[in-house]
Amino acid sequence: MKGGVAELFDSFRKVVLPIATLLLLLKISYSSFDSTTDSLLQNLESSQNGSLPLDQPEQVSPGITSTSTNYSAKTGIRQQTCNIFVGKWVQYPKGPYYTNETNCVIDDRQNCMKYGRPDSDFIHWRWKPNDCELPLFDANQFLQIVRGKTLAFVGDSLARNQMQSLVCLLANASIPVDVSETTDTRYRRWLYKDYNFTIMALWSPQLIKSFDTDPTGDPYYSLMNLYLDKADDVWASQVDKADIVIISGGQWFFRPFLYYENDQLIGCHKCNQKNVTKHTHYYGYRMAFRTAFKTLLSLKKLKGRLVMLRPFSPAHFENGDWNNGGNCNRTRPFNNQEMKLDGYELKMYMTQLEEFKAAEKEGRKRGSVKFKLLDTTEAMVMRPDGHPNHYGHWPHEKKLPDCVHWCMPGPVDTWNELLLATLKMEGDEFIQR
């Protein structure tokens with residue numbers, strides 16, 4: 001009897017115990033992969049236990065980690081994802097997805113090839129996440145995912161920059177019909193008939209209601225009224241038609257403002273009025289995104305809508321500002337040791353993310369609209385070479401350099417590679433909505 005027990009124990013020790021140990025290790029390993037680590041949003045969530053002054057964003061290092069595994073029957077791909085927003089730029093010898101001769105609309109101000117930019121290295125770099133490969137943009141796959149849906153770009157001319165990039169990327173698979181309701185190209189709409197897919201541009205640089213106190217004044221320095229609690233009706237009246245909303249903004253918040261709430265003057269930025277509370281531009285910026293997100297959360301049709309924040313896009317002026325000799329003459333990207341997000345750009349970024357986190361939490365609580373971050377900021381801070389500079393017009397024309405927008409083709413196409421990857425992460429649940 002004792003010998004039988006000893007043999008049984010010896011078998012358990014040699015066979016069963018190693019198998020059980022292996023299974024336990026596999027479970028631990030899988031759980032570690034599927035969790036979110038080093039997440040800025042986790043830091044933000046913990047920071048929200050205390051209130052933040054509206055003018056003073058929390059200082060947290062940027063970087064969003066998103067790790068998950070999805071399987072899409074429609075795309076036939078198992079999506080094992082990593083933090084696609086943290087990485088580096090690597091050389092890519094192949095040419096761009098499109099050129100200035102492709103059948104798509106490229107704003108002249110970003111058409112660097114047309115206006116003779118002498119170097120071409122800027123189109124031979126690709127974004128490489130640290131722990132995985134970012135797939136090339138697949139126009140056919142993108143159109144299958146968005147079949148029957150409407151995508152709205154809400155924001156300023158950088159939102160339009162991304163929209164035009166997407167239309168050019170999709171030209172490899174389908175040419176859309178212009179179904180715009182106005183001749184103003186800031187509000188262009190494209191319909192992909194074979195897919196019943198619509199792209200809308202809703203130009204709204206401040207996102208909230210605003211108007212110039214002096215319409216004949218300088219468009220950059222004249223005083224403007226900003227109604228912090230009222231969304232701009234230009235987009236708010238149209239956005240309920242959209243299944244996917246990409247919202248952005250940033251470069252239009254530095255001018256002088258009078259701030260209103262409940263139609264009452266409550267403060268200003270860069271104003272000379274006496275007995276008016278002075279605020280930094282971060283105050284208006286925060287309130288604009290707070291109101292925009294509240295507006296999106298208040299829409300009647302919420303379930304199935306995906307709202308994406310494309311955060312602050314950094315400018316790269318050197319040797320001065322845009323109006324006093326600044327330029328962006330570099331021809332290569334920075335590496336992540338040479339350039340990091342800091343100063344006012346980091347504060348702008350953090351202000352957006354704090355409001356995004358609050359909206360995401362509210363959307364989760366309601367079980368309705370879903371919020372995702374299309375975090376292009378870290379990648380773009382390393383691309384001083386990607387701007388038109390003096391090649392958004394003929395070199396002999398005496399016009400200001402552009403170190404804000406992005407050449408097409410160029411680094412802005414990465415935004416839509418990241419967009420496609422993010423939509424694929426949503427899996428069949430999103431595709432079938």
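Helices (H or I, at least four residues) and strands (E, at least two) are DSSP runs, numbered from the N terminus. By that rule, the protein chain has nine helices and 15 strands. This is a predicted model, in which local features need pLDDT of at least 70, side-chain atom pairs count only at pLDDT 80 or more, and totals for chains, interfaces and linings use all residues. Residues are numbered from 1 along each chain as its sequence is written, and side-chain values use heavy atoms, with hydrogens and water left out.

Start with the whole chain. Buried residues make up 53% of its 433 residues. Buried means under 20% relative accessible area, exposed means over 50%, and partly exposed lies in between (1.4 Å probe, protein chains only). Now take contacts, meaning heavy atoms within 4.5 Å. Among contacts with a separation of 6 or more, 75% are between residues 24 or more positions apart.

Next, look at a pair of helices. Two packed helices are described by the angle between their axes and the distance between the axes. Axes are lines fitted to C-alpha atoms, for helices over the stretch in contact, and angles run from 0 to 180 degrees between N-to-C directions. Helix H6 spans residues 281-297 and helix H7 spans residues 343-366. Their axes come within 10 Å and cross at roughly 25°. That makes H6 roughly parallel to H7. Angles under 35 degrees count as roughly parallel, over 145 as roughly antiparallel, 65 to 115 as roughly perpendicular and the rest as oblique.

Which residues meet there? From H6 they include Tyr285, Arg286, Phe289 and Arg290. From H7 they include Met348, Glu354, Glu355 and Phe356. By class, this contact of H6 with H7 has nine nonpolar, four polar and seven charged residues. Here Ala, Val, Leu, Ile, Met, Phe, Trp, Tyr, Cys and Pro count as nonpolar, Asp, Glu, Lys and Arg as charged, and the others, Gly among them, as polar.

Now turn to charge pairs. A salt bridge is a side-chain nitrogen of Lys or Arg within 4 Å of a carboxyl oxygen of Asp or Glu. By this rule the count comes to 21 salt bridges. One of them joins Arg366 to Glu362, with the closest N and O atoms 3.0 Å apart. Both residues lie in helix H7, four residues apart, about one turn of the helix. Arg366 counts as partly exposed, at 44% relative accessibility. Glu362 is also partly exposed, at 24%. Salt bridges that share partners join Arg286, Arg290, Glu354 and Glu355 into one network.

Arg117 meets Asp119 at 2.8 Å, N to O. Arg117 and Asp119 are buried. Lys128 meets Glu133 at 3.9 Å, N to O. Lys128 counts as buried because its relative accessibility is 18%. Glu133 counts as exposed because its value is 58%.

Ala201 is found in strand S8 (residues 197-203). Its relative accessibility is 3%, so Ala201 counts as buried. What does Ala201 contact, leaving aside its neighbours within four places in sequence? The partners are Phe153, Met163, Arg186, Tyr187 and Arg188. Thr414 sits in helix H9 (residues 412-431). Thr414 is buried too, with a relative accessible area of 6%. Not counting residues up to four places away in sequence, Thr414 touches Trp89, Trp127 and Leu134.
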